Amino acid sequence: MPTVGPRTYVTTLPVILGLALAFAVTVVEPLVLSLNLPQVSRALHAPPHVLGLLSGAATLVMAAAVLAAGSLGDIFGLKRLLMLGLVVVTVVDMLSTLSPGYGFLLLMRLLVGLGMTPLLGVPLALMKVAVPPEKRPVGIGILMAVTTVLCGVVPAFTGWMVAAVGWRFLFLIGPLLCLVSLWLTARYVPESPVQRGRRLDVVGVTMIGTALLALVVGLAAAQNGISRPETWVPLVISAVVAVLFALHERRIPEPALDLALFRSTPFSLALAATLTLNFLAAGLGLVLGQFGSIVLPLSPETIGLLYLPGTLLIAGAVILAGRLVGKHTPRPVMVTGLLVMAASGLLLAGTAGPTMALWLLVLATWLCNLGSLVTSTSVSETVLSQAPPGHSGTVASVQMAFAMTGSAFGPTVYLLLFDFFFKRRWLADAKARDLSVRKAEQAVDAVRSGMAQNPGGSGYDPNLLRQAAGLKLGLDFAGGLRLTMLAVSILPLAVAAVAFVLMPRGRERRA
């Protein structure tokens, strides 16, 4: 395939679809495993303490290697690295179908994370070199739309197939998507110019990988308490290594990441929006799992189907968002997407309760998904437009690093806020009933233990706590959730306001 020069572009739908399928693998493949993890763990007799690692191993590897993948792509070729990643994911997932035990599968999850790392940022980076600037926003919109449709359809399909033919079928989804993407990429996607003579900043990518990995591990542990060594030690390590990384990057002539990029207001705002949208989307997943199963109650299958309604409508809206970005600027689209996400949180803040209508929960989920994908379209175009020639892979990987950080922050912060507000609610409930704090805590702990011992059951029984102490835990739980959603909705509103004021209003020349 010919190399693309600065004025030569190949713009075809197969190019965009090939890159879109590669990117979708990083979302769909881990998603279907997480949704069907109980069946896999039972079949392989996996102990409870390894379930979280099985589910998140690939994500941990991607967090540690994402910036290194972008730098390698710029040095050795983005297309070459993307095809290598697709091959690795295909082979490793096929081997996963043969897993004799959970230890073998855990090893495969670590390896598949290594293969998926180039699939995170490289498809977006190739958009910069393979698609003309005026058509790139639409291409990014199509990429997000393909991911949306697959995330809406594939989980329901795989759930049916797992019930019919078994859990090993899960690991055929990734290879199927990879092979189609591999064929389209090899045939239609041109190679990017390589930075001949440029050296890989091994120390830099190692340091930022360590910082990101420690951050993700620390945030995951924070869900069990912020004062535990398992939480604060990784977070301290992450902060120290991040400072050392910044000092290192300032000293060397060929840094892994040019820190001068952060002087650009659009670039910095786009990364803040990336962090925000992934924070909110990941946090909503926790909310749906806890609130849906404990208070309403809904089955896990029903909670999964909350994402399905409106999938095609969201896909169409994302493509339209790409057209608007191309015609105008990313600013109005970014602001609109963030406001839609805020509307989702405010809707839950105003309506969550034990008797909440299901259509309101569907609407809140739909608004969050719509806002996150519309925001992603404008963010990706903003980030790519700021990438210097020959550094598209590194810059796109920075966006993915912020995305993964937001995804790690979401569940942790939501859970910490909820625990705080929930405790305030049931303490007030206990005070109104002349109960001591100790008796109320014992009652709450009893119910929590009952829920923990019956995962996948019918959910929270409002009568259980009332019989124990007269408290109304359903109302307390919903009240804590409403306050949590009100608090987190401030973030997208704040970022939208800053973007509205500081983002460029006029059309800029896109590189």
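A residue counts as buried when its relative accessible area is under 20%. Keep that cut-off in mind as we walk through this structure, which is a predicted model.

Let's begin with the whole chain. It has 19 helices and zero strands. Of its 511 residues, 53% count as buried. Now look at contacts between residues with a separation of 6 or more: residues 24 or more positions apart account for 85% of those in the chain.

Next, find helix H5, which covers residues 102–130. 21 of the 29 residues of H5 are buried, so the rest of the structure largely encloses this helix. How far apart should the ends of H5 be? At 1.5 Å a residue, H5 should span 42 Å, and its end C-alpha atoms are 41 Å apart, so the two values agree. Follow H5 along and you'll come to a kink of about 40° at Val122, shortly before the proline Pro123.

Now for a pair of helices. Two packed helices are described by the angle between their axes and the distance between the axes. Take helix H8 (residues 202–222) and helix H15 (residues 392–432): they pack at an angle of about 15°, and their axes are 8 Å apart. Angles under 35 degrees count as roughly parallel, so H8 is roughly parallel to H15. H8 passes H15 in a left-handed crossing.

Which residues make the contact? On the H8 side they are Leu212, Leu215, Val216, Leu219, Ala220 and Ala222. H15 brings Ala401, Thr405, Ala408, Phe409, Thr412 and Leu416. As you look at these positions, remember that an α-helix has 3.6 residues a turn, so residues three or four places apart point the same way.

Notes:
Residues are numbered from 1 along each chain as its sequence is written. This is a predicted model: local features need pLDDT of at least 70, side-chain atom pairs count only at pLDDT 80 or more; totals for chains, interfaces and linings use all residues. Side-chain values use heavy atoms; hydrogens and water are left out. Helices (H or I, at least four residues) and strands (E, at least two) are DSSP runs, numbered from the N terminus. The expected span of a helix is 1.5 Å times one less than its number of residues. The bend at a residue is the angle between axes fitted to the seven residues ending there and the seven starting there. Buried means under 20% relative accessible area, exposed over 50%, partly exposed in between (1.4 Å probe, protein chains only). Axes are lines fitted to C-alpha atoms, for helices over the stretch in contact, and angles run from 0 to 180 degrees between N-to-C directions. Angles under 35 degrees count as roughly parallel, over 145 as roughly antiparallel, 65 to 115 as roughly perpendicular and the rest as oblique. A crossing is left-handed if the near helix is turned anticlockwise from the far one by less than a right angle, and right-handed if clockwise. Contact means heavy atoms within 4.5 Å.
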